[in-house]
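Dear colleague,

I am passing on the structure we spoke about, with the sequence alongside, and below it you will find my notes on what came out of the analysis. Please read them with the model open.

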Amino acid sequence: MISFLVLLLLFWDSNKAQQGRLAFRSSVLHWSARTRASGILKTAKKSAPFHAEYDFRGDTVVYHRAGAEKASFVWSRKLTGFLLVGHGYTLLFKKEKSLNPYAIFLHEADDGLLPYLEELGIKKLAIAAGNA
């Protein structure tokens with residue numbers, strides 16, 4: 001009987017309880033994002049300064065990071081999916097509704113990358129002006 005009364009009191013105002021759960025979840029997600037971002041920045045600062053080198057081989061790209069000491073292999077990706085082009089960057093996504101890109105290219109504004117990717121069959125994402 002006592003446990004029933006305690007549960008009744010806890011869940012009497014379900015909207016208030018739900019707001020509390022959402023606030024807690026939001027604070028945990030913000031903490032997690034800050035922690036992950038600071039870790040990524042720490043890693044980037046260790047390897048800076050460097051020069052990004054992309055080696056395009058057919059439908060595959062190999063990314064090397066050339067620093068003061070030597071060039072090091074970072075990753076290799078098969079070029080498929082969808083692309084989003086901005087000023088000085090190109091993002092590649094596996095699916096049209098993906099949130100996270102699988103490859104990010106930092107480049108000069110007009111370096112011929114877009115025609116190469118379109119030739120491989122990678123489609124441009126259609127972004128509505130209100131959503132960008």
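**Strand pairing around β2**

Strands β2 and β3 run antiparallel and are joined by seven bridges, and within this pairing V62 stands opposite S76 in β3. Please bear in mind throughout that this is a predicted model. On its other pairing, β2 meets β1, again in the antiparallel sense and over seven bridges, with R57 standing opposite T60 in β2. The strands β1 and β2 form a hairpin that has two residues between them, and in that turn G58 has a positive phi of about 65 degrees.

Leaving aside neighbours within four places in sequence, Y63 is in contact with F50, A52, E53, Y54, S72, F73, V74 and W75. Not counting residues up to four places away in sequence, S72 touches Y63, H64 and R65. The C-alpha atoms of S72 and E53 are 9.8 Å apart in space, while the two residues are separated by 19 residues in sequence.

**The open sheet**

Four strands form an open sheet with mixed pairing, in the order β6-β5-β4-β7. Because β6 and β7 (123-124) stand at the edges with a single partner strand each, one side of each is left without a neighbour in the sheet. Strand β4, residues 82-86, runs parallel to β7 and is joined to β7 by two bridges, and L83 stands opposite K124 in β7.

Is T90 buried or exposed? This residue is found in strand β5, residues 89-93, and T90 has a relative accessible area of 3%, which is under the 20% cut-off, so T90 counts as buried. When residues up to four places away in sequence are not counted, T90 touches L83, L84, V85, A103, I104, F105, H107, L113 and L117.

In soluble globular proteins, nonpolar side chains tend to be buried together. In this model the largest nonpolar core has 12 residues in all, namely V61, Y63, W75, L79, L83, L92, Y102, A103, F105, L113, L117 and I122. At least two residues of this core are supplied by each of β2, β6 and α3 (113-119). Among the core residues, L83, A103, F105, L113 and L117 are also listed as contacts of T90, and Y63 and W75 both belong to the core and are in contact with one another.

**The largest pocket**

The largest pocket holds about 540 Å³ of space. Its lining is made up of 17 residues, and those closest to the centre of the pocket are F50, Y63, R65, W75 and I104. Two or more lining residues come from each of α2 (14-47), β1 (51-57), β2 (60-66), β3 (71-78) and β6 (103-106). Which element gives the largest share of the lining? That is α2, with four residues. By class, the lining of the largest pocket has 13 nonpolar, two polar and two charged residues.

With best wishes

Technical notes. Residues numbered from 1 in each chain as written. Predicted model: local features only at pLDDT ≥ 70, side-chain atom pairs only at ≥ 80, totals over all residues. Heavy atoms only, no water. 1 Å grid on protein atoms, 1.4 Å probe; cavity = no way out; pocket = protein on both sides within 12 Å on 5 of 7 lines; lining within 4 Å. Points joined across faces, edges and corners; volume = space filled by probe spheres on them. Nonpolar A, V, L, I, M, F, W, Y, C, P; charged D, E, K, R; others polar. Core = buried A, V, L, I, M, F, W, Y, C linked by side-chain atoms within 4.5 Å. Buried < 20%, exposed > 50% of the residue type's maximum accessible area, 1.4 Å probe, protein only. Contact = heavy atoms within 4.5 Å. Pairing = 2+ DSSP bridges.
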